[in-house]
Amino acid sequence: MPRVIFYTAATLNGFLADESDSLEWLFAAPGGEGGGDDFARFLDGVGVLVQGSSTYEWVVRQEDLIAHPEKWPGYYGDRPTWVMTTRELPGVAGADIRFARGSVVDVWPDIRTAAGDRDVWVVGGGDLAGQFADAGLLDEVRLSIAPATLVAGKPLLPHNLGSDRLRLESVRQNGQFAELVYAVGS
């Protein structure tokens with residue numbers, strides 16, 4: 001059974017994106033461009049990605065993926081990607097993108113099958129990760145806390161997830177970022 005992991009970065013005061021759904025604050029922070037051996041190892045274990053429509057739209061817009069679909073593999077490889085949405089969105093030519101409506105519980109059987117024995121990465125956003133948590137499907141939260149704050153934006157995890165469900169597994173420093181890993185219980 002694959003594990004479902006919400007792996008993300010947030011500001012020191014708990015925002016994933018600014019009011020315009022932008023992640024520019026992240027890339028301005030030293031080390032915020034990501035990568036590195038730890039991330040490469042994580043990505044090697046991922047079989048499926050799931051993201052919300054705002055995350056998908058930001059990546060498509062930021063990288064101009066409609067005009068340059070050849071950039072998609074640089075982000076996510078050839079892994080199937082589910083985009084949870086309530087509206088029609090453009091696909092990226094050649095990418096295995098599957099648009100889904102409704103509850104994560106409804107699409108979970110297809111996601112689980114596609115992942116096989118590899119993990120499912122909830123790329124973003126926080127509400128989507130909260131839906132997995134509410135359904136009892138979220139296994140882990142991996143959070144990099146950036147040396148930045150925003151006055152407003154999209155919250156990290158806008159769902160109730162009490163301390164009785166979260167167990168701190170590890171803490172480490174990665175440059176200017178603090179990385180926390182929590183196991184999530186039912």
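**View 1. Meet the neighbours of Asp 18.** Leaving aside residues up to four places away in sequence, Asp 18 touches Trp 25, Leu 150, Ala 152, Gly 153 and Lys 154 (contact means heavy atoms within 4.5 Å). The model shown here is predicted: local features need pLDDT of at least 70 and side-chain atom pairs count only at pLDDT 80 or more, while totals for chains, interfaces and linings use all residues. Residues are numbered from 1 along each chain as its sequence is written, and side-chain values use heavy atoms, with hydrogens and water left out.

**View 2. Asp 18 sits in a loop and its side chain reaches backbone nitrogens.** The loop in question runs between β2 (15–17) and α1 (24–28); helices (H or I, at least four residues) and strands (E, at least two) are DSSP runs, numbered from the N terminus.

**View 3. Asp 18 is buried without a salt bridge.** Buried means under 20% relative accessible area, with a 1.4 Å probe and protein chains only. A salt bridge would take a side-chain nitrogen of Lys or Arg within 4 Å of a carboxyl oxygen of Asp or Glu. For Asp 18, the nearest side chain of opposite charge is Arg 61, 7.9 Å away (Lys and Arg count as positive, Asp and Glu as negative; His and the chain ends are not counted).

**View 4. Eight strands make an open, mixed sheet.** Follow the order β5-β4-β3-β6-β1-β7-β10-β9; two strands pair if DSSP finds at least two bridges between them. At the edges stand β5 (97–100) and β9 (166–174), each with a single partner strand, so one side of each has no neighbour in the sheet. Neighbouring strands are turned by 20 degrees against each other on average, direction ignored (axes are lines fitted to C-alpha atoms, for helices over the stretch in contact, and angles run from 0 to 180 degrees between N-to-C directions).

**View 5. β6 runs parallel to β1 and to β3.** Three bridges join β1 (residues 4–10) to β6 (residues 119–124); Val 4 stands opposite Val 120, and Ile 5 partners Trp 121. Five bridges join β3 to β6, with Val 46 partnered by Asp 119. Six of the six residues of β6 are buried, so this strand is largely enclosed by the rest of the structure.

How values were computed. Buried means under 20% relative accessible area, exposed over 50%, partly exposed in between (1.4 Å probe, protein chains only). A polar contact is a pair of N or O atoms within 3.5 Å; within protein, one must be able to donate a hydrogen and the other to accept it, and residues adjacent in sequence count only if both atoms are side-chain atoms.
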